[in-house]
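Q: I have a chain open in my viewer and would like to learn how to read it feature by feature. Could you take me through it?

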Amino acid sequence: MALYRMRCTSCGFTQDRRIAATLDPKTFCTLCEQEARPVPPKRGQEIVRTGDDWVGKGMELRAQMARRAARVQQDAPHAPTLRPNVEGEEVGSWAEAARLAASKGLDPRPFTRMAEAQS
Ligand SMILES: [Zn+2]
């Protein structure tokens, strides 16, 4: 298993997911069930430095935090923490996420559904 930061190709919702390590990681969006793909590395981060694991230190740190979060969540394993974000840009509410997605030309409906589910 490996930790990937996966981004939905339809609505842009981004979430760290533990899935089988592969050259072509693919999963489905938690919100809208469309295909999610790994977030491409930022410019300058695509260079693999000697001594660094290919996932990089940031990913390793996120993995550690995810493991800690998983331990904390052990008594509620089916309640993942879903933080409202669009393409990794965190916002204060699902309604805000819907507006941001629409402004980016992404599908805002999954965020609208989350906002309605909370009200
Ligand atoms: Zn989605």
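Q: Let's begin with a hairpin. In the hairpin of β3 and β4, which residue takes a positive phi?

A: Glu33 does, with a phi near 65°. This hairpin has six residues between the strands. Please keep in mind that we are looking at a predicted model. The two strands, β3 and β4 (residues 35-38), pair in the antiparallel sense over two bridges, and Thr27 has Ala36 of β4 as its bridge partner.

Q: What about the hairpin of β1 and β2: how many residues lie between the strands there, and which one takes a positive phi?

A: Five residues lie between the strands, and Gly12 has the positive phi, near 85°. The strands β1 (residues 2-8) and β2 are paired antiparallel through six bridges.

Q: In what order do the four strands form their sheet?

A: Trace β2-β1-β4-β3 across an open sheet with antiparallel pairing. β2 (14-19) and β3 (27-28) are the edge strands, each pairing on one side only. Between β1 and β4 there are three bridges, again in the antiparallel sense. Cys8 is bridged to Ala36 in β4. As a general idea for viewing any sheet, side chains in a regular strand alternate between its two faces.

Q: How do the elements of the chain run from the N terminus on?

A: The run is β-β-β-β-α-β-β-α-α, which comes to three helices and six strands. Of the chain's 119 residues, 20% count as buried. For contacts between residues at least 6 apart in sequence, 41% join residues at least 24 apart.

Q: How should I read burial for one residue? Is Pro110 buried or exposed?

A: Count the other C-beta atoms within 10 Å; 20 or more makes a residue buried. Pro110 has 24 of them, so Pro110 is buried. You will find Pro110 in helix α3 (residues 109-118). Beyond its neighbours within four places in sequence, Pro110 is in contact with Cys11, Phe13, Leu31 and Cys32.

Q: Last topic: which residues touch the most other members of the largest nonpolar core?

A: The general idea is that nonpolar side chains in soluble globular proteins tend to be buried together. Here the largest nonpolar core has 16 residues, and Cys11, Phe13, Cys29, Ala97, Ala101 and Phe111 touch the most other members. The elements giving two or more residues to this core are β1, α2 (94-103) and α3. α2 gives the most, with four residues. To see the packing around one member, center on Phe111: apart from neighbours within four places in sequence, Phe111 is in contact with Cys11, Trp94, Ala97, Ala98 and Ala101.

How values were computed
Residues numbered from 1 in each chain as written. Predicted model: local features only at pLDDT ≥ 70, side-chain atom pairs only at ≥ 80, totals over all residues. Buried ≥ 20, exposed ≤ 12 C-beta atoms within 10 Å, placed from the backbone. Contact = placed C-beta atoms within 7 Å. Pairing = 2+ DSSP bridges. Core = buried A, V, L, I, M, F, W, Y, C linked by C-beta atoms within 7 Å.
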